[in-house]
Amino acid sequence: MSESVQTFDGAKLNAILSRFVGKPGALIPILQQTQDEYGYLPREAVRRIARGLRMPEAQVYGVATFYAQFHLKPRGRHIIRVCLGTACHVRGAEMIFSRITSALDLNGGGTTEDLAFTVEKVACLGCCGLAPMMMIDDETYGRLTPKSAMEIVNGYLGETLARAS
Amino acid sequence: MADAIKLNIDGTDVETQPGTTIIDVATEAGIEIPKLCQHRLLSANGTCRMCLVEVEGARTLLTACTTPVQPGMKVSTRSEQVLRARRSVLEFLLAEHSLDCLVCERSGDCRLQDYAYEYGADGRQIAGKHYERGVEEPGEVEADNPFFVRDMSKCILCGRCVRMCAEVMGYGAVDFASRGAETKVATSFEMPLTESSCVFCGNCVTACPTGALQPKQGARQGRAYEYEKVRTICPYCGVGCSINLHVRDGRIIGSSAVEGPANRGLVCVKGHFGHGWIQDEDRLTRPLVRKDDGELHPTSWDEALDLVAERLRTIKSKHGSDAIGGLASAKCTNEENYLFQRFMRSCVATNNVDHCARLCHASTVAGLATVFGSGAMTNSNWEFESSDVLFITGSNTTETHPVIGAVVERGRRAGAKLIVADPRVTDMAYRADLHLQHHPGSDIALLNAMAHVILAEGLEDKEFIENRTEGFAEVKEKVAEYSPERAAELTGVPAADIIEAARMFARERRGAVLYSMGITQHSKGVDNVKAIANLAMLTGNIGRFATGVNPLRGQNNVQGACDMGCIPSHLPGYQLVSKKELRSKFERAWGSPLRADPGLTMIEMINEAADGGLRALYIMGENPMLADPDITHVKEGLENLDFLVVQDVFLTETAQLADVVLPAASFAEKSGTFTNTERRVQLVRPAVSSPGEAKADWRILCDLAARFGQSWGYEESAEIMSDLSALTPSYGGISYDRLDPVGLQWPCPDADHPGTPILHTETFARGKGLFSPVDHRPPAEVPNGEFPIVLTTGRMLYHFHTGSMTRRAPSLHAHVPTGYVEVNEQDAGHLGIEHGQPVKVISRRGGVVTQAVVTPNIKQGVVFMPFHFAEAAANVLTNTALDPVAKIPELKVCAVRLEPQPWEGARGCCCETSGESDAFEATNEGSD
């Protein structure tokens with residue numbers, strides 16, 4: 001038995017599964033709520049969801065990998081989404097993206113080792129008037145320069161460091 | 001039936017039923033439409049686009065596999081536009097396909113290759129990015145299981161494997177993962193198949209239209225056009241699957257599934273990949289005789305057979321003919337079993353002839369013969385996909401009869417309710433709508449209580465009971481004593497579940513009961529069977545399509561061995577030896593007097609041997625040293641004999657004790673017939689010649705009979721069939737020329753009779769069905785302070801019976817190298833037993849050390865051991881307590897205790913995800 005099975009806290013998942021007992025078409029909402037709870041979809045959660053829904057595990061994995069919204073690896077505590085839509089692109093979004101990722105030691109995006117941040121490119125966040133822009137979690141930041149973007153990220157970084165000490 | 005639809009395909013007018021697809025009606029009309037994703041057993045998904053056809057008036061080309069026919073449709077399957085479109089489809093597929101046909105095993109057996117050739121597509125028209133299916137380079141393949149290879153650079157995403165695994169086998173080990181250009185077929189988290197739910201049946205390999213899935217057996221030994229395929233019948237369980245043996249230069253290099261009436265192209269892992277034992281170097285090649293030095297020495301056939309004849313004659317004249325017994329074989333053909341009992345009855349002059357049905361379905365034969373008049377499965381394998389409710393009890397169907405397991409899964413997917421009663425959470429129990437996890441040995445309480453509920457709620461079939469049965473009043477009175485509450489105490493199943501099960505079973509129109517050794521291998525096996533028959537008659541589920549009482553027979557030809565009279569009380573065709581007119585028919589045909597008194601059963605022979613009453617035993621293709629209960633006692637018995645002859649393909653544990661060992665041909669080296677669980681007599685064909693001097697059992701028997709002054713004069717096995725069918729009414733119309741390709745289901749009384757798929761349709765074989773009141777009684781051995789745990793035994797998927805075949809099949813042995821005991825996780829916690837740890841299992845009869853598999857899937861207080869493994873032999877422990885009527889031993893229940901043993905070497909367990917197993921030493925104590 002792998003370690004993840006022993007360390008996995010199943011209580012939250014059981015609560016989610018119990019809300020959907022006997023309801024057809026529950027897989028996607030269960031995956032969403034599970035991801036909300038755990039931050040991603042751990043393998044053990046996928047295994048238990050499959051068992052709970054009496055569905056082949058490969059099918060659950062298939063659904064989880066089909067939708068971009070689901071993540072099978074741990075995600076950062078803060079999700080930085082840098083817009084690279086047309087408007088942001090022409091106003092230098094690529095420079096913002098590379099500044100942030102190089103500062104966080106993330107070549108091409110991804111999740112930092114300490115799980116503080118996940119940095120992603122997105123196609124358009126629908127605020128082209130604020131270009132270039134990014135979102136951190138649910139906050140929107142617009143009219144960015146590489147410098148101002150980094151100051152904002154550093155603010156979150158400070159908060160993370162403060163919490164850690 | 002709805003009005004037929006008329007349409008025109010390629011200028012030909014055709015007629016069909018509404019709902020039929022274009023591809024099906026075209027196929028019926030002999031017009032072939034190419035297809036890569038469509039498969040007759042699978043739902044249509046229309047992904048490959050090869051079956052595009054032009055329909056007059058349609059905006060675009062349509063996929064023939066998903067388009068239902070419409071009245072007046074005009075379909076062109078080969079118009080200019082269609083051919084162009086198909087060629088483009090192929091170009092797109094080939095753009096992402098590894099084009100290494102030069103070295104591909106499937107070359108010559110690849111639909112993609114066939115169509116590429118036919119349509120002139122070469123994969124160079126589109127500059128695609130090759131090998132995107134989760135592999136970096138062609139040749140990077142998943143090959144870590146012993147059965148088949150996955151090369152995803154050749155996958156065309158048709159989804160046949162995905163659907164075969166989910167829709168037919170019910171496992172869903174693989175599915176489509178990711179999306180768009182990155183879509184691939186993958187297991188969960190893209191782990192190797194050995195870590196998924198895959199059971200390695202390889203039906204995906206059969207279905208794969210390219211080289212993405214390739215069997216490992218026969219690799220680099222010849223491609224499809226280089227070997228001959230010999231169609232025969234699988235030698236493992238009773239399903240009777242048709243298989244092809246691949247023969248090149250006189251050697252079997254592989255095997256595959258083939259369409260047959262019993263299996264419809266499906267097989268299990270053993271039938272697909274488990275035939276390597278045929279050419280194992282351990283095969284017996286010369287007769288062996290034990291000499292003065294106590295060792296077995298090779299000798300000539302003449303010397304060996306002369307010795308057998310002389311010794312049997314001496315013992316007969318000294319101790320009487322009943323001092324000699326014979327065990328026939330459920331592995332041998334009908335013809336051979338017929339001759340074996342003829343030899344025992346007419347040459348030796350005893351009815352002491354039995355075989356391993358005594359250990360599996362003796363209770364069925366006795367029980368159903370009493371209540372219905374015929375002791376066989378009432379319905380046929382593939383009817384269960386049309387049942388409305390399936391009640392499976394005491395059968396781990398997906399492991400012991402995997403292809404019937406697949407039929408049940410298809411039924412379940414089509415909407416049938418599934419009720420499973422089993423102390424273990426088997427795959428089938430896991431899939432069930434209702435799982436009744438009862439105590440081993442409490443079946444009658446459960447079945448009576450279900451009958452109680454059905455009667456209390458008025459759900460019985462009054463008309464059927466009135467017109468077709470007798471004895472109902474007594475059963476009504478008896479089951480009144482079994483309220484669900486009382487049964488809940490006896491079985492451990494909640495009363496509410498028993499009530500639910502009864503309603504579920506009684507309310508549906510077509511209900512079938514499937515059962516196996518969980519019902520029969522008890523000291524009350526016959527009563528268990530009668531309780532099942534009561535339930536089926538109560539609900540009128542007999543004699544109709546997709547219903548019935550369906551004992552699943554365990555061996556390829558155990559039905560046939562029973563049919564052929566290898567039982568002490570009956571001549572072929574269940575004709576009683578005690579009836580003079582039946583006996584004299586055989587006396588006339590065989591030209592010798594026959595005994596009227598029934599002989600000894602298998603367990604009685606062993607007991608008599610130990611007590612000195614039986615002096616000689618002739619065993620053809622059986623291995624009681626592993627198969628029988630209380631092996632220590634079996635060994636005592638066999639060693640106490642004056643003379644033991646064993647005729648087998650290997651020097652089995654039993655043969656090692658013999659005075660003379662006769663080398664027999666395997667199923668792959670002879671012709672004959674097997675009768676499967678649905679009473680279907682099917683042809684077995686020779687593929688290769690026998691090793692060394694080994695001979696077909698029937699030829700050995702003829703040679704031996706000649707030494708008793710009987711010249712049988714058989715040159716071909718077909719002649720034996722024509723003799724036996726003349727004497728056996730249910731086989732009366734069976735001859736070899738009628739058996740190709742679908743066989744015949746008995747009763748088949750005359751040459752014009754089409755065979756009988758469903759028994760008891762108008763009347764029961766005995767006239768009326770007999771209701772029989774039966775009472776719960778505890779197993780012969782119940783847990784106590786010293787032996788607090790119940791041991792139940794059985795089979796597992798990857799091995800068969802005493803392992804003499806499967807443990808010599810390299811792939812199966814590599815996958816599961818040794819035995820184990822399943823222990824409930826709570827019990828393991830209390831006893832301090834860890835997963836994979838050695839434990840000693842001890843009963844009143846002995847002890848064995850094996851490794852623990854700690855699992856939630858077995859009831860607390862119960863442990864399970866498979867009986868295939870000599871080094872951890874479950875039957876050292878089992879109890880010889882017998883059913884009073886059927887004389888079947890109680891192999892399913894005995895009391896044991898567990899003692900954890902110190903770890904030896906590296907920790908780890910080899911049973912679930914084998915292949916990465918540590919060598920595991922198990923000792924067999926208490927058997928000497």
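Me: What makes β1(B) and β2(B) a hairpin, and which residue in the turn has a positive phi?

Reply: In this predicted model, β1(B) and β2(B) form a hairpin with 2 residues between them, and B:Asp10 in the turn has a positive phi of about 50°. The two strands, residues 5-9 and residues 12-16 of chain B, run in the antiparallel sense, and B:Asn8 stands opposite B:Asp13 in β2(B).

Me: How do you know that strand β1 and strand β2 of chain B pair?

Reply: Pairing requires at least two bridges between the strands, and β1(B) and β2(B) have 5 bridges, so they count as paired.

Me: Why is α14(B) called roughly perpendicular to α16(B)?

Reply: The axes of helix α14 (residues 443-456) and helix α16 (residues 472-479) of chain B cross at roughly 105° and come within 9 Å. Angles from 65 to 115 degrees count as roughly perpendicular, and therefore α14(B) is described as roughly perpendicular to α16(B).

Me: Which residues make the contact of α14(B) with α16(B), and how do they divide by class?

Reply: From α14(B) come B:Asn448, B:Ala451, B:His452 and B:Leu455, while α16(B) supplies B:Lys476, B:Lys478 and B:Val479.

Me: What makes up the contact between domain 1 and domain 3 of chain B?

Reply: Chain B is divided into domain 1 (288-360 + 557-745), domain 2 (378-551) and domain 3 (789-925), and the centres of domain 1 and domain 3, taken over C-alpha atoms, are separated by 31 Å. The contact takes 17 residues from domain 1 and 18 residues from domain 3, where residues are in contact if their C-beta atoms, placed from the backbone, lie within 7 Å.

Me: Which elements give two or more residues to the side of domain 1 of chain B that touches domain 3?

Reply: They are α9 (357-360), α23 (602-611), α24 (624-627) and α25 (631-640) of chain B, with the largest share, 3 residues, coming from α25(B). By class, this side of domain 1 has 7 nonpolar, 5 polar and 5 charged residues.

How values were computed. Residues are numbered from 1 along each chain as its sequence is written. Chains are lettered from A and ligands numbered from 1 in the order in which they are written. This is a predicted model: local features need pLDDT of at least 70, side-chain atom pairs count only at pLDDT 80 or more; totals for chains, interfaces and linings use all residues. Domain bounds come from an automatic or database domain assignment. Two residues are in contact if their C-beta atoms, placed from the backbone, lie within 7 Å. Helices (H or I, at least four residues) and strands (E, at least two) are DSSP runs, numbered from the N terminus. Ala, Val, Leu, Ile, Met, Phe, Trp, Tyr, Cys and Pro count as nonpolar, Asp, Glu, Lys and Arg as charged, and the others, Gly among them, as polar. Axes are lines fitted to C-alpha atoms, for helices over the stretch in contact, and angles run from 0 to 180 degrees between N-to-C directions. Angles under 35 degrees count as roughly parallel, over 145 as roughly antiparallel, 65 to 115 as roughly perpendicular and the rest as oblique.
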